[in-house]
Amino acid sequence: GKASVQNIMPLPDGSAVLYTIAKYLTPNGTDISDKGISVNIELTVPTKNIEMMKEDDFVYTFDTDYQLQEAIKHSLTQVKSGK
């Protein structure tokens, strides 16, 4: 993504104007365009989980979402430690 929200205004001749109506910013106001956001917790997803996600009948659930499970564990650890 480009970290922006854009709108299209059609013109009478069939052409259009694409213009930016908003930008995504971090909580401290930093524009993330062209830079993105660096992760503060890096997680390696096990190969078996990646293979499972490639299956045609794969369904995301809490039990199959390794990253969500790890995020919740991390959040609970932060709450318990008072951070």
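Two strands pair if DSSP finds at least two bridges between them. Helices (H or I, at least four residues) and strands (E, at least two) are DSSP runs, numbered from the N terminus. The model here is predicted, so local features need pLDDT of at least 70 and side-chain atom pairs count only at pLDDT 80 or more, while totals for chains, interfaces and linings use all residues. Residues are numbered from 1 along each chain as its sequence is written, and side-chain values use heavy atoms, with hydrogens and water left out.

**Exercise 1. Work out in which sense S1 and S2 pair, and find the bridge partners of Val 5 and Ile 8.**

Step 1: Find the strands. S1 covers residues 4-10 and S2 covers residues 16-23.

Step 2: Check the pairing. The two strands run antiparallel to each other, joined over 7 bridges.

Step 3: Pick out the partners in S2. Ile 8 is bridged to Leu 18, and Val 5 is bridged to Ala 22.

Step 4: Look at the turn. This hairpin has 5 residues between its strands, and Gly 14 has a positive phi near 95 degrees. Ser 15 also sits in the loop between S1 and S2.

**Exercise 2. Find the residues that make the nonpolar surface patch, and say which element gives the most to it.**

Step 1: Know the rule. Patches are made of residues with over 30% relative accessible area and no salt bridge; like charges are joined within 9 Å, and nonpolar side chains (Val, Leu, Ile, Met, Phe, Trp, Tyr) within 5 Å. Accessible areas come from the Shrake-Rupley method with a 1.4 Å probe, and for residues only the protein chains shown count as cover.

Step 2: List the members. Met 9, Leu 11, Val 17, Tyr 19 and Ile 21 make a patch of about 390 Å².

Step 3: Name the main contributor. S2 gives the most, with 3 residues.

Step 4: Zoom in on one member. Met 9 belongs to strand S1, and its relative accessible area of 39% makes it partly exposed.

**Exercise 3. Find the salt bridges and say how exposed their residues are.**

Step 1: Start from the idea. Side chains of opposite charge can pair when their charged atoms come close. Here a salt bridge is a side-chain nitrogen of Lys or Arg within 4 Å of a carboxyl oxygen of Asp or Glu.

Step 2: Count. That rule gives 3 salt bridges.

Step 3: Take Lys 23 and Asp 31, whose closest N and O atoms are 3.9 Å apart. Lys 23 is partly exposed at 49%, and Asp 31 is partly exposed at 26%.

Step 4: Take Glu 51 and Lys 54, which meet at 3.4 Å, N to O. Lys 54 is exposed at 56%, whereas Glu 51 is partly exposed at 40%.

Step 5: Take Glu 70 and Lys 73, with closest N and O atoms 3.1 Å apart. Both are in helix H2, 3 residues apart, or about one turn.

**Exercise 4. Compare the length of H2 with its expected span, then look at both ends.**

Step 1: H2 (residues 66-81) has 16 residues. Its expected span is 1.5 Å times one less than its number of residues.

Step 2: From first to last C-alpha, H2 reaches 23 Å, close to the expected 22 Å.

Step 3: At the N-terminal end, Asp 65 is the cap, with a side-chain oxygen 3.3 Å from the backbone nitrogen of Gln 67. Just after H2, Gly 82 has a positive phi of about 80 degrees.

Terms used:
Buried means under 20% relative accessible area, exposed over 50%, partly exposed in between (1.4 Å probe, protein chains only). A polar contact is a pair of N or O atoms within 3.5 Å; within protein, one must be able to donate a hydrogen and the other to accept it, and residues adjacent in sequence count only if both atoms are side-chain atoms.
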